Amino acid sequence: MKSGSTIPIPDGLARILTRAEVENREARRTAFRDRCKDHRFYEIIEETLRDKFQYSYLLLEDSQGRVRAIQPLFFVRQNLLEGVAGRLRSIVEQVRRVYPRFLTMKILMVGCAAGEGHLGVCAKSDEEWVAQALHAYLKPYARKSKTSLVVLKDFPSNYRHALRSFSSNGYARVPSMPMTRLLLNYRGFDEYLATLGKATRKNLRRKFRKAEKAAPIKCEVLHDITPLIEEIYPLYLQVYERSRLKFERLSREYFCRLGQAMPERTRFFLWRQDGRIIAFSLCMVHNGTIYDDYLGLDYRIALDLHLYFYTLRDIITWALNQGLRFYCSSPLNYEPKLHLGCELVPLDLYVMHMVPLFNRIFRRALKFLEPTRHDPVLRRFPNAHRI
């Protein structure tokens, strides 16, 4: 569908716009203004991940001509078995020898290509109106765009009430891989450590002692990583390539632009040994919370020195010193987070196949395809029932 195309919706209009067409609208700055990843983040994603995703913006306007939301959308061709292992994946891989694109579909996604999704409302009171408008618009838009699936990607569970028109009318709501959160109500790291189980405390202290026997490791915190991008980017790729679940592969430009455009929220933690960067973590700080989004490690020494736990200790210590209230971590790597006292932050996918017959079958198949099913550690979290 061409930019500027308008489709009537109940009590208003919906219009697809390009980045240039929304740039000077006040609603662009209003949407996501209370989120850690505000409108600037979406612009950075569009600029730096344009090779994989095709972006547009949905402007939703009521019958009085008032803009109620600007909602980011993007198209992607996605492997539906990403993160699925075992017998099911083996069967599908055999089918793909004959049909290479089997269970790989063009998807219209609502939300953020590199993070959790949110409704781009101009006022929180507009959430239900915007959800209903989205529900009315997405199906005809997807049909005209020749899209197989429509997905609302990684929406926090507190949207379930607002998005009930999706889960009760054509869409299947399934769990996505959750984030994790730790309450930082401690005076220091040692006090936090004392709240953990005996085996975990002993294990962490042993790891820290081993790292401290090696050459000294020094931590520094920066807002802009641009001068060091060629040193840190290979470390990011090492972690990315080891992950069993992949979606967005960030570019060098992404890391540079984030610190330049959002310096008040961006923190790059760097760890050096003998002057060489051996680890880094990209974090964002907003409204009393530190979000630990991406990690880079030098795997020549990372496992031997237990760098994951070393970096985590420094980030939590820094956050406590800053008076922050929560530490949030991106999805995956749940085993250590379970023992470190984190709770799950559920995220949801709302999924619909565009062919009604296939959608009925697909809704049943999703319980075998959804990613959390294949991670047994998740069931051991105290609040796993909320997924």
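The mean positions of the 64 positive and 41 negative charges of the protein chain lie 7 Å apart; Lys and Arg count as positive, Asp and Glu as negative, and His and the chain ends are not counted. Each charge is placed at NZ of Lys, CZ of Arg, CG of Asp or CD of Glu. The model is predicted: local features need pLDDT of at least 70, side-chain atom pairs count only at pLDDT 80 or more, and totals for chains, interfaces and linings use all residues. Residues are numbered from 1 along each chain as its sequence is written, and side-chain values use heavy atoms, with hydrogens and water left out.

**Overall fold**

- The protein chain contains 14 helices and 13 strands, where helices (H or I, at least four residues) and strands (E, at least two) are DSSP runs numbered from the N terminus.
- The radius of gyration of the protein chain is 22 Å, which agrees with the value near 21 Å that a compact globule of 387 residues would have; the radius is taken over C-alpha atoms, and the globule rule is 2.2 Å times the number of residues to the power 0.38.
- Along the principal axes, the C-alpha atoms of the protein chain occupy a box of roughly 65 × 50 × 35 Å.
- Of the 387 residues in the protein chain, 57% are buried (buried means under 20% relative accessible area, exposed over 50%, partly exposed in between, with a 1.4 Å probe and protein chains only).
- Among contacts in the protein chain with a separation of 6 or more, 75% join residues 24 or more positions apart; contact means heavy atoms within 4.5 Å.
- The accessible surface of the protein chain is about 18,100 Å², and carbon and sulfur atoms contribute 51% of this area; areas come from the Shrake-Rupley method with a 1.4 Å probe, and for residues only the protein chains shown count as cover.

- Helix H12 (residues 307-321) has 15 residues and should span 21 Å at 1.5 Å a residue, which agrees with the 21 Å between its end C-alpha atoms; the expected span is 1.5 Å times one less than the number of residues.
- H12 is mostly covered, with 13 of its 15 residues buried.
- Gly 323, which follows H12, has a positive phi near 75 degrees.
- In helix H10 (residues 252-261), the buried residues are Tyr 254, Phe 255, Cys 256, Leu 258 and Gly 259.

- Most residues other than glycine have a negative phi.
- Lys 146 has a positive phi near 55 degrees and is located in the loop between helix H5 (127-144) and strand E6 (149-156).
- Lys 146 counts as exposed because its relative accessibility is 72%.
- His 306 also has a positive phi, of about 55 degrees, and lies in the loop between helix H11 (302-305) and H12.
- His 306 counts as buried because its relative accessibility is 17%.

**Gly 120 and Ile 70**

- Gly 120 belongs to the loop between strand E5 (104-110) and H5, and is buried, with a relative accessible area of 0%.
- Beyond its neighbours within four places in sequence, Gly 120 is in contact with Ala 31, Phe 32, Arg 68, Ala 69, Ile 70 and Gln 71.
- Ile 70 is part of strand E4 (residues 67-79) and counts as buried at 4% relative accessibility.
- Outside four places in sequence, the contacts of Ile 70 include Val 22, Tyr 57, Leu 59 and Gly 120.
- Thr 30 lies 8.5 Å from Gly 120, C-alpha to C-alpha, at 90 residues apart in sequence; the C-alpha atoms of Thr 30 and Ile 70, 40 residues apart along the chain, are separated by 9.0 Å.

**Lys 52**

- Lys 52 is placed in the loop between helix H3 (39-48) and strand E3 (54-62), and counts as partly exposed at 39% relative accessibility.
- With neighbours within four places in sequence left aside, Lys 52 is in contact with Phe 75, Val 76, Gln 78, Phe 247 and Glu 248.
- The C-alpha atoms of Lys 52 and Arg 360 are separated by 29 Å, with the two residues 308 apart along the chain.
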